[in-house]
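The following account leads through one structural model, from its overall surface to individual residues. Please keep the sequence and the coordinates in view while reading.

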Amino acid sequence: MLGILTVLLSSFVLTFHNVTVRVLFSEHLVLGLFLLGGYVKPDLQNSFLLMFMRMLLVVPLMASLSFKLYPSALKELKDLFNCNAASSVLHERRDILIQALGCGVLMFVYIASLYIAIGLIPTGIALTLFFTYPVFTALLSWRFFGDRPTLFRWLVIGIILVGSALTIPQSSATYSSHTIAIGIFASVSAGIVYAFYCIIAQKCLEKFHPVPFTWISFACTLLLSSVSLLFWPAKSAQLDWTPLWIGSIFSGLVSFIGHTLNNVGIRMVGASTASIIGSSSPALTALVAWVTISETLNVIQSVGIGIVTLGIALLSAEGFVKSLKYRS
């Protein structure tokens, strides 16, 4: 029971990161009391900037805690770059390193895309469209691992796609058709890239521990966002740095706490159970966005989020049942 509550709490905490990003991009009445936000435009350069500011805090924090929880992490990282080994070992280490770095690049891309989406369309809708990634993961697993989707899985994929279509907002004075199109494209693209991340991570984690693997992904994101800012710098003269740093520090802290709680929960109840609970993220994000920044959705969009949440839960439940049969 404690493990389930831990994973649920991690999902709840992580929604505040998404809402914070939304506030940094567009002005909202927070908690019905404070008019905050709109400090940067939701474009690629500013996504790099917010990502860099967030990772500047998260990467050292993760290193300080993760390497204490898993003391062998530093040794495993050093072994990846150790050239004094047999050729077969070097080949395996090179493959692991390429996969881990590749996942770092993919993390950078999907976070940047998701930030743009959150800045352009309602947070709950952006996260719902992003959480269609299990559909693409299932298709990629079929392509690369021969894991052919069952009839049940095809049915659930159809349910998720129908629910996603229902969440798409109509053009209005608040959201132009151009803004909606870019937001939808960014959300779905983030989901597709994250699906590739999951597939490569699955392969890499067969031979590499999750702690150093996760740290490499975050460190790559920090490095790539800083390099991106050198080539595509944000217009710093026009930025209000104080609220940006406050928002980024808060975002980084809740992201770090959320990921830590999720890892603890996975250790207590297992990844399959955690993924079922994690399927509540789109609905939780919509709820938190409604409470904190009064971001409302119409009935059809709310139904769509509910359908997508149900579909993700069913896909996760199928994996959970398979794992139970395998154990028995």
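What is the accessible surface of the chain, and what share of it belongs to carbon and sulfur atoms? The total comes to about 16200 Å², and 70% of that surface belongs to carbon and sulfur atoms. Accessible areas come from the Shrake-Rupley method with a 1.4 Å probe, and for residues only the protein chains shown count as cover. The model is predicted: local features need pLDDT of at least 70 and side-chain atom pairs count only at pLDDT 80 or more, while totals for chains, interfaces and linings use all residues. Residues are numbered from 1 along each chain as its sequence is written, and side-chain values use heavy atoms, with hydrogens and water left out.

The secondary structure consists of 13 helices and two strands; helices (H or I, at least four residues) and strands (E, at least two) are DSSP runs, numbered from the N terminus. Of the 328 residues, 48% count as buried, where buried means under 20% relative accessible area, exposed over 50%, and partly exposed in between (1.4 Å probe, protein chains only). Contact denotes heavy atoms within 4.5 Å. Among the contacts with a separation of 6 or more, 82% are accounted for by residues 24 or more positions apart.

The interior comes next. A nonpolar core is a set of buried Ala, Val, Leu, Ile, Met, Phe, Trp, Tyr and Cys residues joined through side-chain atoms within 4.5 Å. The largest such core has 68 residues, and those with the most contacts inside it are Tyr110, Phe130, Phe208, Phe213 and Leu244. Helix α4 (residues 87-120) supplies the largest share of this core, 16 residues. Apart from it lies another core, of six residues, including Val23, Val30, Ala289 and Ile293. Beyond its neighbours within four places in sequence, Tyr110 is in contact with Phe130, Ala190, Val193 and Tyr194.

Helix α9 (residues 210-231) contains Ile216, which counts as buried because its relative accessible area is 7%. Not counting residues up to four places away in sequence, Ile216 touches Leu77, Leu80, Ala100, Leu101 and Phe208. Ile216 and Leu77 are 139 residues apart in sequence, yet their C-alpha atoms are 8.9 Å apart in space. Val211 also lies in helix α9.

Setting aside residues up to four places away in sequence, Asn18 touches Ile118, Thr123, Leu127 and Thr285. Ser164 is placed in helix α7 (residues 151-167) and counts as buried because its relative accessibility is 7%. A polar atom of the Ser164 side chain lies 2.8 Å from the backbone oxygen of Ile160.

On the surface, Leu56, Trp241, Trp245, Ile249, Leu253 and Ile257 form a nonpolar patch with about 500 Å² of accessible area together. Ile249, found in helix α10, counts as partly exposed because its relative accessibility is 41%.

Notes. Patch = residues over 30% accessible without salt bridge, like charges linked within 9 Å, V, L, I, M, F, W, Y side chains within 5 Å. Salt bridge = Lys/Arg side-chain N within 4 Å of Asp/Glu carboxyl O. Polar contact = N/O pair within 3.5 Å; in protein donor to acceptor, adjacent residues only side chain to side chain.
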